[in-house]
Amino acid sequence: MFEGINYHPNVLDRPAQAALVEALRIAVQAAPLFTPVMPRTGRPFSVRMTNLGSLGWVSDKAGYRYQPHHPETGQPWPAMPDVVLDIWQRFANYPRLPEACLVNFYQQGAKMGLHQDRDEEDFAAPVLSVSLGDTAVFRFGGTTRGGKTQTLKLSSGDVLVMGGASRLCFHGIDRVLSGTSTLLKEGGRINLTLRRVTMP
Ligand code: SIN
Ligand code: MN
């Protein structure tokens, strides 16, 4: 494993996963999933997304950025559920709370190309992700594009922390293995990515 990547399997048991999915269903009614597009090209992402917290990550033709409101409704993002804040406090090893929780929804065939998370001001804080639903093949490597990579399967209830030397590692999702979880009635995968955005 690369230095600074910490994998914690089975942090949430099945009832806790189901309760979190229910909280997300309610949040998505207020802040609907949207399809982001790539800067400049306008090419749509294969995942749909929304956010929770005081700041949300968005991507459109103008670029990547954090903003306090939903791009379509103009409303503030819903609050983060306590359970995700608790996970941050247990595993992030960072004194301040996250400001952004990106919710990525992967339906059949969705994936995420290798990228770095670098739209934050504060790289001292780790990036923490929680996986729900079908298992994903997560690929990660070092901090330069084109270097050696390895894969890790992320299953429902697992937590991954990218901090320290791995805070700016390249990472992505090769594919989601359909039928590997019964958590989401229609299948698919949800990934929550918690980040601290601003400097203290
Ligand atoms: C991301 O890097 O934005 C998502 C990673 C994941 O879905 O596990
Ligand atoms: Mn990322």
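A pocket, on a 1 Å grid over the protein atoms alone, is an open set of points where a 1.4 Å probe fits, with protein on both sides within 12 Å along at least five of seven lines. A molecule sits in a pocket if more than half of its atoms lie within 2 Å of its grid points. In this predicted model, ligand 1 sits in the largest pocket.

**Around the ligand**
- Ligand 1 is surrounded by N104, Y106, M112, H115, H171, I173, R189 and N191, each with a heavy atom within 4 Å of ligand 1.
- Strand 5 (100–106), strand 6 (112–115), strand 11 (171–176) and strand 12 (189–195) each give two or more residues to this shell; strands are DSSP runs of E, at least two residues, numbered from the N terminus.

- Taken alone, ligand 1 exposes 260 Å², and the protein buries 96% of that (Shrake-Rupley method, 1.4 Å probe).

**Strand pairing**
- Strand 6 and strand 11 pair in the antiparallel sense over 2 bridges, where pairing takes at least two DSSP bridges.
- M112 has I173 of strand 11 as its bridge partner.
- Strand 8 (residues 136–141) runs antiparallel to strand 11, joined by 5 bridges, and F140 is bridged to H171.

**Reading notes**
- Residues are numbered from 1 along each chain as its sequence is written, with chains lettered from A and ligands numbered from 1 in the order written.
- Local features need pLDDT of at least 70, side-chain atom pairs count only at pLDDT 80 or more, and totals for chains, interfaces and linings use all residues, while side-chain values use heavy atoms, leaving out hydrogens and water.

How values were computed
1 Å grid on protein atoms, 1.4 Å probe; cavity = no way out; pocket = protein on both sides within 12 Å on 5 of 7 lines; lining within 4 Å. Helix = DSSP H or I, 4+ residues; strand = E, 2+ residues; numbered from the N terminus.
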